[in-house]
Amino acid sequence: MGELDLGMVNWARAQFTLTAMYHWLFVPITLGLSFLCAFFETIYVRTGKEEWKRLTKFWMTLFGINFAIGVATGIILEFEFGTNWSNYSWMVGDIFGAPLAIEGIFAFFIEATFFAVMFFGWERTSKGFHLFSTWMVAIGSNLSALWILVANSWMQYPVGMVFNPDTARFEMQNIWEVILSPVAVAKFTHTTSSSFVVGSLFVIAVSSYYLLKKRHIDMAKKSILVASVFGLLSGLFTAFTGDESAFVNASTQPMKLAAYEGLYKGSRGADIVAFGMLTPGKRTGDGQEPFAFEISIPRGLALLATREWNGFVPGIEDLVYGNSAEGLVGAADMIERGKKAIVDLAAYKAARKAGDDAAGKAALERFNVNKDYLGYGYMTRPEEIVPPVASTYYSFHYMVYVGTFIIFLMLFFLKAGLSDRLAENRLLLRLGVASFFLAYLASELGWVVAEVGRQPWAIQDMLPVKMAATNIGSGHVQGTFLLFFILFAVLLLAEIKIMIKQIKIGPEVA
Amino acid sequence: MTAVLLIGWIALIVVSYKAAVALLIKTNNL
């Protein structure tokens with residue numbers, strides 16, 4: 001496996017970034033609004049009041065507009081694994097492909113089937129079956145997210161598999177280890193509950209717009225009351241699962257944790273930086289102070305990462321250069337062992353080809369000693385294992401700040417709703433509209449933390465991104481990048497236009 | 001923790017619905 005054209009790798013990265021972040025414009029609303037539609041329709045079926053039916057159909061219309069483009073962009077993402085990341089697909093397709101296939105033939109089929117009933121079955125099916133269909137769309141959407149997040153979690157924490165030296169592929173050994181890995185469970189609960197917050201804020205933003213315009217006042221108040229309860233509880237659950245995700249990161253991806261916390265030098269009882277600006281131009285091992293200024297909470301990071309006041313949290317430089325006092329091996333040693341593994345694997349293949357069983361057996365034994373470091377063998381220097389720190393650090397902190405702010409915002413909306421003072425609190429309503437966009441950005445930046453923080457690995461500690469791409473010229477990807485960019489821009493403008501038009505029409509004729 | 005997170009996730013949806021209905025009744029908005 002020779003090294004690939006870095007220009008191609010970066011264009012493939014750019015295309016995946018564009019497609020994934022565009023796809024994620026639609027997913028959080030699908031995950032959150034689907035459950036809110038199920039809540040609204042359940043209330044309609046229980047009360048039999050037409051106003052709840054009208055309200056449900058209105059939010060379902062907006063859900064449908066959003067859903068259509070979300071599906072289309074998700075399909076493009078899956079194809080990119082084949083077109084742009086064929087080395088990746090070759091090496092780990094047996095494992096990575098399984099949850100993606102389950103998502104398609106199981107979860108998405110549930111969504112798609114019941115989506116049709118939900119939209120076109122109001123007059124054709126019984127109330128009970130229609131309600132069941134709406135719940136199945138919500139459950140199916142979230143099950144879709146589960147399988148995709150299981151696949152992503154395996155990239156962050158590869159478990160349940162074994163490397164086959166004969167084919168140079170990773171093969172699945174235990175699917176339950178993959179599905180129930182601590183990273184997968186934390187990621188699924190954190191990602192979906194944060195999407196419930198975004199979905200709730202979407203309902204609050206549109207309803208706030210109506211209250212500011214003094215239209216559909218009763219419907220807007222009802223919607224805000226339900227959405228603020230769901231948003232508040234989901235926001236609190238998101239904070240809880242976010243904390244658990246960081247704790248899991250400490251053992252599975254310590255470099256990512258160090259990057260998003262801006263921790264260069266590890267220590268026992270490490271402080272956590274609540275507010276801080278990184279020193280511009282800071283490089284690993286350059287001796288500069290990591291922060292231009294900072295406000296820290298004593299021992300906060302030790303408590304977060306180890307659940308102990310005096311626990312050791314490794315910093316970026318401990319992981320790169322090693323820390324003998326804490327038993328950490330530096331990256332230079334791992335790179336050396338990785339290079340030996342590459343040589344021994346090549347020797348094993350050559351011996352097999354020549355029919356020399358004795359030499360093959362000896363090479364395989366040598367390979368097995370260092371096989372866990374195979375991915376490191378493709379690194380050229382220890383500092384290469386450090387992800388882009390600034391983008392990871394700032395994305396993480398923005399996400400935490402906005403997540404905390406949204407919890408308080410939900411509380412204020414709930415309080416105003418309970419005391420029937422929503423319509424007169426115009427500042428809160430304006431905040432409700434604006435905060436939707438803040439939360440959207442926080443949701444996108446959560447993925448920046450997850451994916452940029454994993455760099456330079458496609459699969460943590462096993463396969464570097466630079467070895468995962470397809471060996472073609474970058475011109476191929478540049479062309480489709482431009483095509484997707486134009487297509488996405490046109491689709492987004494069309495979607496926003498249709499969405500705004502439908503919101504302006506409102507619930508009467510929806 | 002796996003069980004806590006997964007049961008918590010289901011409880012989040014059930015409790016959200018029940019709390020929303022209770023508050024709609026309380027505020028005479030149902």
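Is B:Asn28 buried or exposed, and how many C-beta neighbours does B:Asn28 have inside 10 Å? The legends below take this up in the last view, after a walk through the rest of this predicted model.

**View 1. Chain A as a whole, with 16 helices and 8 strands.** Along the principal axes, the C-alpha atoms of chain A fill a box of roughly 80 × 50 × 40 Å. The radius of gyration of chain A is 25 Å, which agrees with the value near 24 Å that a compact globule of 510 residues would have. Buried residues account for 47% of the 510 residues in chain A. Of the contacts in chain A between residues at least 6 apart in sequence, 77% link residues at least 24 apart.

**View 2. Domain 1 of chain A meets domain 2 of chain A.** The domain assignment divides chain A into domain 1 (6–253 + 387–505), domain 2 (262–321) and domain 3 (331–382). Between the C-alpha centres of domain 1 and domain 2 of chain A there is a distance of 31 Å. Where these two domains touch, 7 residues of domain 1 are in contact with 7 residues of domain 2. On the domain 1 side, the elements that give two or more residues are α8 (217–252) and α14 (389–418) of chain A. The most comes from α8(A), with 4 residues. By class, this side of domain 1 has 6 nonpolar, no polar and 1 charged residues.

**View 3. Helix α9 (residues 254–261) of chain A, a mostly covered helix.** Here 8 of the 8 residues of α9(A) are buried. Among them are A:Pro254, A:Lys256, A:Tyr260 and A:Glu261. The buried residues of α9(A) pack against α8, β4, α10 (300–306), α11 (316–321), α14 and α15 (426–452) of chain A. Look just after α9(A) for A:Gly262, which takes a positive phi of about 65°.

**View 4. Strand β5 (residues 291–297) of chain A, a strand largely in the open.** Of the 7 residues of β5(A), the number buried is 0, so this strand lies largely in the open. Its partner is strand β4 (residues 272–278) of chain A, which pairs with β5(A) in the antiparallel sense over 6 bridges. To find your place in the pair, look for A:Leu278, which stands opposite A:Phe291 in β5(A). In a regular strand the side chains alternate between the two faces of the sheet.

**View 5. Helix α7 (residues 182–212) of chain A, from end to end.** This helix has 31 residues and reaches 44 Å from its first C-alpha to its last, close to the 45 Å expected at 1.5 Å a residue. Because 28 of the 31 residues of α7(A) are buried, α7(A) is largely enclosed by the rest of the structure. After α7(A) comes A:Lys214, with a positive phi near 55°.

**View 6. A:Trp59 and the residues around it, in helix α3 (residues 50–83) of chain A.** A:Trp59 counts as buried because it has 26 C-beta neighbours inside 10 Å. Setting aside neighbours within four places in sequence, A:Trp59 is in contact with A:Leu33, A:Leu36, A:Cys37, A:Phe40 and A:Val203. A:Val206 is 147 residues from A:Trp59 along the chain, and their C-alpha atoms are separated by 10.0 Å.

**View 7. Two backbone details in loops of chain A.** Most residues other than glycine have a negative phi, and most peptide bonds are trans. A:Ala168, in the loop between β1 (161–164) and β2 (169–172) of chain A, has a positive phi near 60°. With 14 C-beta neighbours inside 10 Å, A:Ala168 counts as partly exposed. The other detail is a cis peptide bond between A:Gln455 and A:Pro456, with omega about 5°. A:Pro456 lies in the loop between α15 and β7 (457–459) of chain A.

View 8. The contact takes 19 residues from chain B and 24 residues from chain A. By class, the chain B side has 14 nonpolar, 5 polar and no charged residues. B:Asn28 is found in the segment after α1 (2–26) of chain B, and its phi is positive, near 60°. Now back to the opening question: B:Asn28 counts as exposed, with 7 C-beta neighbours inside 10 Å.

Notes. Residues numbered from 1 in each chain as written. Chains lettered and ligands numbered in written order. Predicted model: local features only at pLDDT ≥ 70, side-chain atom pairs only at ≥ 80, totals over all residues. Buried ≥ 20, exposed ≤ 12 C-beta atoms within 10 Å, placed from the backbone. Pairing = 2+ DSSP bridges. Nonpolar A, V, L, I, M, F, W, Y, C, P; charged D, E, K, R; others polar. Domains from an automatic or database assignment. Rg over C-alpha atoms; globule rule 2.2 N^0.38 Å. Expected span 1.5 Å × (residues − 1).
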